[in-house]
Amino acid sequence: MGRTSPAPVVAAILAAAFLLAGCGGSLADADTPAPPRPDRTRPGDFCGAVLAGTRAAQPLAALLTRGGTVPRDQLTTAAETVRSAYAEVLATAPGEIRADVERSVAAVDLQLDALEAADGDTAAVADNAELRGRLTAPEYVQAAEQVRNYIGEHCGIDTHGLG
């Protein structure tokens, strides 16, 4: 179908990073402490892991934004960093949203697996209709919304209007 922009794959991976981190590609405001809120969970652990996940995803997002093919060594390093960070997000996820975080982390893994299987070819991943279908499945979309809402409420990160 001719040349395909890497924008869809970039958007998909950044959306997954966003749903976990709730703050797009910039951490400029993430270092500002949120006002204290009553909370029943371990928000410090989870919210800290979420912010670390954002930081871990930034180098990968920069590689994807360039488009074309991401060199294998850079892709491998960036993907390992993201997977490790999101494993920590999952490990610290409060029980009330753990299943949603599991689905969200699984979506990130699907995208990373597809990118690695395509040898870093962002256009091939962007054209992957099966991946797009899986990522837009209702259970994934609902999980993403639940995680965004929780992060907004418990981490003090406003996620509305950023997706």
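**Rings, a disulfide and helix packing**

Colleague: How many aromatic pairs does the count come to?

Modeller: This is a predicted model: local features need pLDDT of at least 70, side-chain atom pairs count only at pLDDT 80 or more, and totals for chains, interfaces and linings use all residues. Residues are numbered from 1 along each chain as its sequence is written, and side-chain values use heavy atoms, with hydrogens and water left out. Rings of Phe, Tyr and Trp (its six-membered ring) pair if their centres lie within 6.5 Å; planes under 30 degrees apart are called stacked, over 60 edge-to-face, and the rest tilted. By that rule, the number of aromatic pairs is 1.

Colleague: And what kind of pair do the rings of phenylalanine 46 and tyrosine 150 make?

Modeller: The ring centres of phenylalanine 46 and tyrosine 150 are 5.8 Å apart. Their planes sit at 75°, so the pair is edge-to-face.

Colleague: How many residues apart are phenylalanine 46 and tyrosine 150?

Modeller: Helices here are DSSP runs (H or I, at least four residues; strands are E, at least two), numbered from the N terminus. Phenylalanine 46 belongs to helix H2 (residues 43–66) and tyrosine 150 to helix H7 (residues 138–154). The pair links distant parts of the chain, and the separation in residues is 104.

Colleague: Which cysteine is joined to cysteine 47 by a disulfide?

Modeller: Two cysteine sulfur atoms within 2.5 Å are taken as a disulfide, and a search of the whole structure turns up 1. For this one the S to S distance is 1.9 Å, and the partner of cysteine 47 is cysteine 155.

Colleague: What hand does the disulfide of cysteine 47 and cysteine 155 have?

Modeller: Cysteine 47 is in helix H2 and cysteine 155 in the segment after H7, 108 residues apart. Both cysteines are buried. The torsion about their S-S bond is about -85°, so the disulfide is left-handed.

Colleague: How many residues does H7 have?

Modeller: From first C-alpha to last, H7 reaches 24 Å, close to the 24 Å expected at 1.5 Å a residue. That expectation is 1.5 Å times one less than the number of residues in the helix. Buried residues of H7 include Tyr140, Val147 and Ile151. As for the helix's residue count, H7 has 17.

Colleague: How far apart should the ends of helix H4 (residues 98–117) be?

Modeller: H4 has 20 residues, and its end C-alpha atoms are 28 Å apart. That agrees with the span worked out at 1.5 Å a residue, which should be 28 Å.

Colleague: How do H3 and H4 run relative to each other, roughly parallel or roughly antiparallel?

Modeller: With axes as lines fitted to C-alpha atoms (for helices over the stretch in contact) and angles running from 0 to 180 degrees between N-to-C directions, H3 (residues 72–92) and H4 come within 10 Å and cross at roughly 175°. Angles under 35 degrees count as roughly parallel, over 145 as roughly antiparallel, 65 to 115 as roughly perpendicular and the rest as oblique. Residues meeting across this pair include Leu75, Val82 and Tyr86 in H3, and Val101, Val105 and Leu112 in H4. H3 and H4 are therefore roughly antiparallel.

Colleague: Which residues is aspartate 100 in contact with, leaving aside neighbours within four places in sequence?

Modeller: Aspartate 100 has its place in helix H4 and, at 12% relative accessibility, counts as buried. Contact means heavy atoms within 4.5 Å. With those sequence neighbours left aside, its contacts are Ala143, Gln146 and Val147.

Colleague: How far is alanine 144 from serine 104 in space, C-alpha to C-alpha?

Modeller: Alanine 144 sits in helix H7 and is buried at 4% relative accessible area. Serine 104 is one of the buried residues of H4. They are 40 residues apart in sequence, while the C-alpha to C-alpha distance is 6.3 Å.

Colleague: What is the phi of aspartate 119 near?

Modeller: Aspartate 119 is in the loop between H4 and helix H5 (122–126) and is partly exposed, at 49% relative accessible area. Its phi is positive, in a residue other than glycine, and is near 50°.

Colleague: How many helices are in the protein chain?

Modeller: Along the sequence the pattern reads α-α-α-α-α-α-α. The chain has 0 strands, and its number of helices is 7.

Methods. Buried means under 20% relative accessible area, exposed over 50%, partly exposed in between (1.4 Å probe, protein chains only).
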